[in-house]
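Dear colleague,

Please find below the structure for your review.

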Amino acid sequence: MPVLDEKHDFAHPVEGDAAWSESYYFNGYDPGCDAGLFTRIGVRPNEGTIDVGLSVWLPGDRLAMVAGVRPQHEMVDDDLEVVGVRYARVDPMREWRLTCDADAAVFDLADRGAPVVQTRVALDLVFRALTPAIGVDGQAGGAAGASAETSSTVGKGHLEQAGRWSGWIEAGGTRHALGPDARGNRDKSWGPRRWGGPQMWRWFSINVGDNAHFGGIRIGTAAGDLHRGWVWRDGEHASIRNWNVRTELAGDGLTHRVTHVEATDKNGRVHELRGDVLRVHGLPRRTGERRTIVNEGLARWTYEGRTGYGIAEYLHQLDDDGRPLVPIE
């Protein structure tokens, strides 16, 4: 996976597929104040919408959620605002500012039966890149097999980038200031996006200090699994050619609690990581007759004796009994 230049931080030409999307995603977490976020804005001009999802990790196993959609019939990349959530590109591939002032629903992830609480969420955060943007531009022709199938369902082009966060998050009048250990990743995708397309995926976003970062995915398709990703170590990057994953599950047989990863890079080096999942939030979706759940896990990662944080995200297509169509490894 190559380093991509600044032009990919702007909108790409819209193609004719009805599901064409250009999306912007950020995540981050500060173990010092036990707060962070994951958020996505997607522009779908052929469907005439722009939508946002903002989820804020709060201390004590709470998650505050903001969601909304508004009309948008043309591609935009400089007015990314929906229901009070705004992304502003300050310096392409180097700095973004995220702000919010919106109503939110707060869930207790440790007690699914607890009542949902309504509150106000505000934030003012700056993401500053620690690595270049690494990805694929989606312009190469002749894709076949799993690569071709993935391009038609989860996007043609994609980039990821690690960074440091500064600023604050406020919920219910309590402000959490992010400290020097607040890190996270961002990504950007362009192309057709159909949530019911992949049979499964395992997506990882990992930061261990300022000098070790991982990002990537294993996607299950009818043509086989596609492995993509990258590692940044001490000022250099390498592509990941294989994600070998072993999962320890909760009693429901669906929620991941510990993720063991062996990521083999293009140079043959095997990176062993363990992710202890601190919290999981399930995001259900339905596409036609197919039910999907995306389990977003905030994880504490261990790598070479060091500790970091990030995301372990599992997507499952479900059968009529709510079981994954692809067995969890």
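Setting aside neighbours within four places in sequence, Y87 in this predicted model is in contact with Y24, F26, T39, R40, I41, L80, W96, R97 and L98. Y87 also belongs to the largest nonpolar core, which has 36 residues; Y87 is among those with the most contacts inside that core, together with L54, V56, L80, L98, L123 and W165. The most is given to this core by strand β7 (residues 95-108), with 6 residues. Another core, of 24 residues, lies apart from it and includes A238, W243, L273 and L318.

As regards aromatic residues, 12 aromatic pairs are found in a search of the whole structure. In one of them, the ring centres of Y24 and W96 are 5.7 Å apart and the planes stand at 55°, so the pair is tilted. Since Y24 lies in strand β1 (residues 20-30) and W96 in strand β7, this pair ties together parts that are 72 residues apart in sequence. Y24 and W96 are both buried.

The rings of F38 and W57 likewise form a tilted pair, because their centres are 5.2 Å apart and their planes are at 50°. F38 is in strand β2 (residues 35-44) and W57 in strand β3 (residues 49-58), so parts 19 residues apart in sequence are tied together. F38 is buried, at a relative accessible area of 6%, and W57 is buried at 0%.

One aromatic cluster is formed by Y24, F26, Y87, W96, F127 and W165.

Finally, two arginines deserve mention. R89 lies over the face of F10, 4.1 Å from the ring centre. The charged end of R175 sits over the ring of W168, at 3.6 Å from its centre.

With kind regards

Conventions: Residues are numbered from 1 along each chain as its sequence is written. This is a predicted model: local features need pLDDT of at least 70, side-chain atom pairs count only at pLDDT 80 or more; totals for chains, interfaces and linings use all residues. Side-chain values use heavy atoms; hydrogens and water are left out. A nonpolar core is a set of buried Ala, Val, Leu, Ile, Met, Phe, Trp, Tyr and Cys residues joined through side-chain atoms within 4.5 Å. Buried means under 20% relative accessible area, exposed over 50%, partly exposed in between (1.4 Å probe, protein chains only). Helices (H or I, at least four residues) and strands (E, at least two) are DSSP runs, numbered from the N terminus. Contact means heavy atoms within 4.5 Å. Rings of Phe, Tyr and Trp (its six-membered ring) pair if their centres lie within 6.5 Å; planes under 30 degrees apart count as stacked, over 60 as edge-to-face and the rest as tilted. A charge sits over a ring if NZ of Lys or CZ of Arg is within 6 Å of the ring centre and within 35 degrees of the ring normal.
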